Amino acid sequence: MAQAHGSPIATPLADRHQALGARMVEFAGWLMPVQYSGILEEHRAVRTRAGLFDLSHMGELYVDGAEAARALGYALVTDPASLKVGRAHYSMICFPEGGVLDDLIVYRLAEERFMVVANASNATAVSDALVERFAGFRVVLDDRSLATALVAIQGPASLQVLTPLTDVAIADLHYYAIAEGSVAGVPALVARTGYTGEDGFEVFVDVAAAGRVWDALMEAGRSAEVVPIGLGARDTLRLEAGMPLYGNELGPDTTPYEAGLGRVVKLGKEGDFVGRAALERALADGPRKKLVGLAVRGRGIARHGYELFAGGRRTGAITSGTLSPTLGEPIAMGYAAPSEAEPGTILEVGIRDQRVPAEVVVLPFYRRAT
Amino acid sequence: MAEDLRYTKEHEWVRVEGDVAIVGITDYAAHQLGDIVFVELPEIGRVLTQFAAVGVIESVKAVSDLFAPISGEVVETNAELGARPELVSGDPFGQGWMLRIRIVDKSQLDGLLDRAAYQDLTREG
């Protein structure tokens, strides 16, 4: 696994990123591009045209067997049994105490076959937890993370760029649906999912085919001026779209309810699941803190770890923050006491030695026009 | 990069015009920082001490201190940078200038790097 290595693992596209002049960084044990031409420019490219992402560091865990749906229903907070074949949903795997171990997307590929996509930083932990939780179920876990490459195209031009390259009828592919077919002549899973708030597709292929798919998309994207996008812009895009990042908004000390994601926990599903008792209690007790969106009303970026104040008293901290390229203003997410979390509340962020006003706003900061 | 500039180890440049020093950050620094989004400069009239942290340059990914390359009073700051911080990234030696300082001790410039020394510093960096 990536975390066991002393030096970071290169994705199959690392040479291409370096040839494109990418600034590379170590992330979750992988060598990844953080930016090519610049974060602001890449961000705007995705919002107005389309961008290509190498997401090969993500974890892909296949779950197969007669009891695959039941086993996943026990291991996760959602009810994968309710997914139709070819559909997906956002999910979480929680600790028995109710905190979040990872957030995931679960795709149903067949009646008895699922693919669970986990964050790169948690792929091993999720794999280990699933193995443990699957004990006693007729199910097999096949961790194919290192054998799978993931190339995403995101932005309004995505459909037009990908269509000629695939035999999948992607114009008819619903949001959060997945289909099997080919892309650039190689076998692929194509999902209409993403982490940017734009239309887009995630293409899962064998690592050996990654270069071919990347090159084909870059070539096909030329007239639409598609550009490669690094982790820097990936972060500003998801933050504008109000999407949580594990390690920032989500972690072992946070329940889904506190993160505003209570709808993901299906307490109504049949049977026990890991964390059920703790989550039922958490729902009944109410959250200890609440995730808020913040529009910083001052000059300065509210960054991860900066303190949040209400009426001069510390109420929490910033979990993520940046300058929103689309809004032209600093935005952030953070945790505040539930009593201070109403939209319209003016809190203060400690930015160096100043207290800068920040207004609680409803998430997301950006929603695409559809 | 002009020959008549001096540089600090923290990647500020200085150009002397009479008894005034014009200060900015180098293209090397701008490139390292990435997209610059806010620049906090000391107010006019403030007296700076050489090598003290006097301002802040914020990029999307990081916060960086601006250090005074020379002691003296701030006589002007680049008002354009409030609305257009991207001038620092785009033209760090020209339109991206940051401060004008009235020099109190010209010999302080001798303690700064010349072009060759600065290029050595950034070459292996």
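**Notes on strands and the chain contact**

1. Let's begin with the hairpin: E2(A) and E3(A) form one with two residues between them, and Ala28(A) in the turn has a positive phi of about 55 degrees. Strands here (E, at least two residues) are DSSP runs numbered from the N terminus. A caveat: this is a predicted model, with local features needing pLDDT of at least 70 and side-chain atom pairs counting only at pLDDT 80 or more, while totals for chains, interfaces and linings use all residues. Residues are numbered from 1 along each chain as its sequence is written, and chains are lettered from A in the order in which they are written.

2. E2 (residues 23–27) of chain A pairs antiparallel with E3(A) over five bridges; strands count as paired if DSSP finds at least two bridges between them. Val25(A) has Met32(A) as its bridge partner. E1 (residues 9–10) of chain A runs parallel to E3(A), joined by two bridges, with Ile9(A) partnering Trp30(A).

3. E3 (residues 30–35) of chain A is mostly covered, with five of its six residues buried (20 or more other C-beta atoms, placed from the backbone, within 10 Å of a residue's own).

4. On to the contact (C-beta atoms, placed from the backbone, within 7 Å): twelve residues come from chain A and eight from chain B. On the chain B side, E4 (36–40) and E6 (53–59) each supply at least two residues.

5. Chain B has an open, antiparallel three-stranded sheet in the order E4-E6-E7. E4 and E7 (63–67) of chain B are at the edges with a single partner strand each, so one side of each lacks a neighbour in the sheet. E6(B) and E7(B) are joined by five bridges, and Glu58(B) has Val63(B) as its bridge partner.

Technical notes: A residue is buried if 20 or more other C-beta atoms lie within 10 Å of its own, exposed if 12 or fewer, and partly exposed in between; C-beta atoms are placed from the backbone. Helices (H or I, at least four residues) and strands (E, at least two) are DSSP runs, numbered from the N terminus. Two residues are in contact if their C-beta atoms, placed from the backbone, lie within 7 Å.
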